[in-house]
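Thanks for taking a look at this one with me. Here are a few notes to read alongside the structure.

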Amino acid sequence: MKLCWIDLRETASRDRTAVIEEALHQRVEGLLSDDVADLEGLPPTVRKVYLPREPAPGYVGNADIVLVDQRAGTAAAEEVRFAHPDVTVGSYVEVRDAASLDAACASAQADAWSLVAFQDPTKIPLEIVLAAADGAEGSIITAVRDVEEAQIVFGVLERGSDGVLMPARAVGEVTRLKRAAENGALHLDLVELEITGAERAGMGERVCVDTCNYLGKDEGILVGSHSKGMILCVSETHPLPYMPTRPFRINAGALHSYTLASDARTCYLSELEAGRKVLAVDIFGAARLLTVGRVKIETRPLLKLDAVAADGTEVNLIVQDDWHVRVLGPGGAVLNSTELSAGDKVLGYLPTADRHVGYPISEFCLER
């Protein structure tokens, strides 16, 4: 899980109480201010981070972490450590040139906490800092301007920064940041489903989802005719005769089918388009958001697959009627959809809530 720190310095005084309450409710990991008064009265469940205006503050209040500006030199940090032995001392580095980039790398290698702000929009300097800190025990927090930048920072060099510091200028921004951080560490509880029948379903439109990402051999997307039951459709990463592998593609199913997108929402395959997000899942339930690069909708013969879960939940998936369209079974078995028969086991997911415009809700809804 990526760490979320909120910068209170840009929060208007009239909104500060509400933003802090939202941050505590969302269980952010840190609140930062340059005024120790902002940190008074905060519960022990959140890290209180003090970034003083002067190099070596005489008073740090009840701060858990004090960040010393790198430009003040190592003497200032040692002075704070000596004066406040119960406080963790880290570094703040603003990267604006080669020298400050070197300082950020050194801090990331040695300090328990490194808060790094980058003057330029390129993410190359962050990549260098992350590479330099590979294997180091400390944590790197990157200053970002908004949730969109946070999502990028979470994925730099695949590892991403350990966390971000974002200003909260209005109520609601903390919640959006926390949701973005959680989307990078999703896990779904997959179940085994037993096939009960397979039959041809005539002609119709099926959807191939081409993502901007490489998919693993044990990874695909969850697709189903009903919002409460989906089957794990594998990507075209496995060799096939007559055609090359396409490790970015999932031949997913008929265009009416549900799949999972971001924010715990479902969407129809017909709604996917370039730039949208779709949730990829592996056989262990680890999930990640991928960017859709293209969607291909074409008329093809269709195959109806019916399955049932151990709790009796019925699941249906309609896919292209061709043997190269495959789903995943227990242990990562790759199963040709046209060869499935009653008694075969496949992997799936059973969302518990009904859906309205993709959002989970509590209401009566019968799908069949």
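How many strands make up the closed barrel, and is the pairing parallel or antiparallel?

1. The barrel has 8 strands in the order S1-S2-S3-S4-S5-S6-S7-S8, and the pairing is parallel. Strands here are DSSP E runs of at least two residues, helices are H or I runs of at least four, both numbered from the N terminus, and two strands pair if DSSP finds at least two bridges between them. From one strand to the next, the twist averages 25 degrees.

2. Please keep in mind that this is a predicted model: local features need pLDDT of at least 70, side-chain atom pairs count only at pLDDT 80 or more, and totals for chains, interfaces and linings use all residues. Residues are numbered from 1 along each chain as its sequence is written, and side-chain values use heavy atoms, without hydrogens and water.

3. Next, look at S7 (residues 139-143) and S8 (residues 163-167), parallel strands joined by 3 bridges. Here Thr142 is opposite Val164 in S8. Helix H5 (residues 147-154) packs on the sheet and touches S1 (3-7), S7 and S8 (contact: heavy atoms within 4.5 Å). The direction of H5 makes about 170 degrees with that of S8 (axes are lines fitted to C-alpha atoms, for helices over the stretch in contact, and angles run from 0 to 180 degrees between N-to-C directions).

4. Finally, H3 and helix H4 (residues 124-132) pack at about 35 degrees, their axes 8 Å apart. Leu101 and Ala104 are among the H3 residues in this contact, and Ile128 and Val129 are among those of H4.
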